[in-house]
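User: Could you walk me through this structure? I'd like to begin with the ligands and then move on to the fold.

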Amino acid sequence: MPNDHKPEIGSTIVIQKETFNAILSRLKEKGYETIGPRVKNDTLIYAPIEQMDDLPRGYITEQDAARFHLKHTGHSRYFDAIPGAQSWKQFLFPPRAELFALRKVNNLWEASTPETKTPSYAFIGVRACELAAIQIQDNIFMRSDFNDPIYRARRERVFILTVDCMYPAGTCFCVSMETGPRVKAGFDLNLTELEDVFLLTVGSEIARDLLKGIPFELASAFLLRNADQGLERAASQMGRKLDISNLPDLILNNLDHPHWQEVGARCLSCTNCTQVCPTCFCWDATDEMSLDGKETHRERVWDSCFNPGYSYQAGGNTRPTIRSRYRQWLSHKLGTWKQQNGTLGCVGCGRCITWCPAEIDLTKEIPMLQEEAR
Ligand code: SF4
Ligand code: SF4
């Protein structure tokens, strides 16, 4: 039925799928740049979307160690394809960002900060693990003792439309990391896709306003049960699992274990795992000087603990071997991160497994340590 009233926060409504176009239009009217999953060059990227037809309807992704295959099956659902290498971090923590510029005027250096307009993004189709990753990065960039102005300005403007994961990929293990497949909190609007309709759970006042006048019904007990069953099935179909009960102690008590040498011999130190990981946040600052020496720009660029230069300090490199760099990555993710931030640094998205060319898989490396520690 047509409604002029707005659904309550916490309520779950049902809409016809084509109505979603009106929600995208409203987001754009409110000034949001709507970003969602799109098919490009046989993979999935996050890019501007104008309408539902831009979404990967009828696609799934098949994923395994060092393997990603986008497959068109012809089904009628829009949100079944598990994302590719890209994550939402590129929008909140951009790969390159100018911090300031210095210009020489009358032999004096004048500093200026870039006058860039902060974008207002509406993220369409954020998975439960990805929302958990955003919340982990919130703890990094918006701490009580440190506030990153670039991240905060973008984060405070973002509208988040999450989507429950009904068909996990072969490298997913969000159940083990307790981050999915059901989205629990921290969204503006959560979407559960059923065969013929979308269920929308309202999470914020902005979302309530957005839905004013949109035709909706409250979701029936039958549809809610349908959604629950789909999510229970998804939870039972995770491609990977990881026992985290003895983390971080397992890693921190085994820093000299010979297994690090074995993994280090296979790792190429290519940095793929850190670039695709939605929680990794290492960065470096670079200066670009004009040829006449009168202007310089300082940029922040993504870096990686796998780059030898990242751990170079006065006096030498503290992690000169690939073994030590891999160990640093994993022992931070699943070890010291917890001491620093209260949670582990992994959300179980599986990207580092899919995109590692050497087929290194943390859900196999950790059990090897566990096995030998028994
Ligand atoms: S460590 Fe791997 S599985 Fe965990 S969040 Fe990062 S990319 Fe995803
Ligand atoms: S673990 Fe894999 S993805 Fe990561 S640096 Fe090593 S080879 Fe590259």
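User: What classes do the residues of the shell around ligand 1 divide into?

Analyst: This is a predicted model, and in it the shell around ligand 1 divides into 7 nonpolar, 3 polar and 2 charged residues. The surrounding residues include Val276, Cys277, Pro278 and Thr279, together with Lys333, Arg351 and the run from Cys346 through Val347, Gly348 and Cys349 to Gly350, with Cys352 also in the list.

User: And which residues surround ligand 2?

Analyst: Among them are Cys267, Leu268, Ser269, Cys270, Thr271, Asn272 and Cys273, while Phe306, Cys356, Pro357, Ala358 and Ile360 also belong to the shell. By class, this shell around ligand 2 has 9 nonpolar and 3 polar residues but no charged ones.

User: Where is Asn106, and is it buried or exposed?

Analyst: Asn106 lies in the loop between S6 and strand S7 (108-112), and it is exposed, with 5 other C-beta atoms within 10 Å. Asn106 also has a positive phi, of about 50°, although it is not a glycine. As background, most residues other than glycine have a negative phi, and most peptide bonds are trans.

User: On peptide bonds, which residues does a cis bond join?

Analyst: A cis peptide bond joins Leu247 and Pro248, with omega about 5°, and Pro248 is placed in the loop between helix H7 (221-236) and helix H8 (249-252). The bond from Gly180 to Pro181 is cis as well, with omega near 5°, and Pro181 falls in the loop between H5 and strand S10 (189-193).

User: Changing topic, how many helices and strands are there?

Analyst: The chain has 13 helices and 16 strands. Its radius of gyration is 22 Å, close to the 21 Å that the globule rule gives for 374 residues, so the chain is as compact as a globular protein of that length. Of those 374 residues, 37% count as buried.

User: What does the domain assignment give?

Analyst: The assignment gives domain 1 (12-236) and domain 2 (249-373), and 25 Å separate their centres, taken over C-alpha atoms. In the contact between them, 36 residues of domain 1 meet 32 residues of domain 2.

User: Which elements of domain 1 give two or more residues to that side?

Analyst: They are strand S5 (67-72), strand S6 (96-105), H3 and helix H5 (174-177), with S6 providing the largest share, 9 residues. By class, the side of domain 1 that touches domain 2 has 22 nonpolar, 7 polar and 7 charged residues.

User: What about the largest nonpolar core, and where does it lie?

Analyst: The largest nonpolar core has 83 residues, and those with the most contacts inside it are Ala122, Phe123, Leu131, Leu161, Cys174, Val347 and Cys352. Helix H3 (residues 128-141) gives the most to this core, with 7 residues. Both domain 1 (12-236) and domain 2 (249-373) contribute residues, so the core lies between them.

User: Which residues does Leu161 touch?

Analyst: Leaving aside residues up to four places away in sequence, Leu161 touches Ala122, Phe123, Ile124, Gly125 and Val126, and also Phe187, Asp188, Leu189 and Leu191.

Conventions:
Residues are numbered from 1 along each chain as its sequence is written. Chains are lettered from A and ligands numbered from 1 in the order in which they are written. This is a predicted model: local features need pLDDT of at least 70, side-chain atom pairs count only at pLDDT 80 or more; totals for chains, interfaces and linings use all residues. A residue is near a molecule or strand if its C-beta atom, placed from the backbone, lies within 6 Å of it. Ala, Val, Leu, Ile, Met, Phe, Trp, Tyr, Cys and Pro count as nonpolar, Asp, Glu, Lys and Arg as charged, and the others, Gly among them, as polar. A nonpolar core is a set of buried Ala, Val, Leu, Ile, Met, Phe, Trp, Tyr and Cys residues joined through C-beta atoms within 7 Å. A residue is buried if 20 or more other C-beta atoms lie within 10 Å of its own, exposed if 12 or fewer, and partly exposed in between; C-beta atoms are placed from the backbone. Helices (H or I, at least four residues) and strands (E, at least two) are DSSP runs, numbered from the N terminus. Domain bounds come from an automatic or database domain assignment. Two residues are in contact if their C-beta atoms, placed from the backbone, lie within 7 Å. The radius of gyration is taken over C-alpha atoms; the globule rule is 2.2 Å times the number of residues to the power 0.38.
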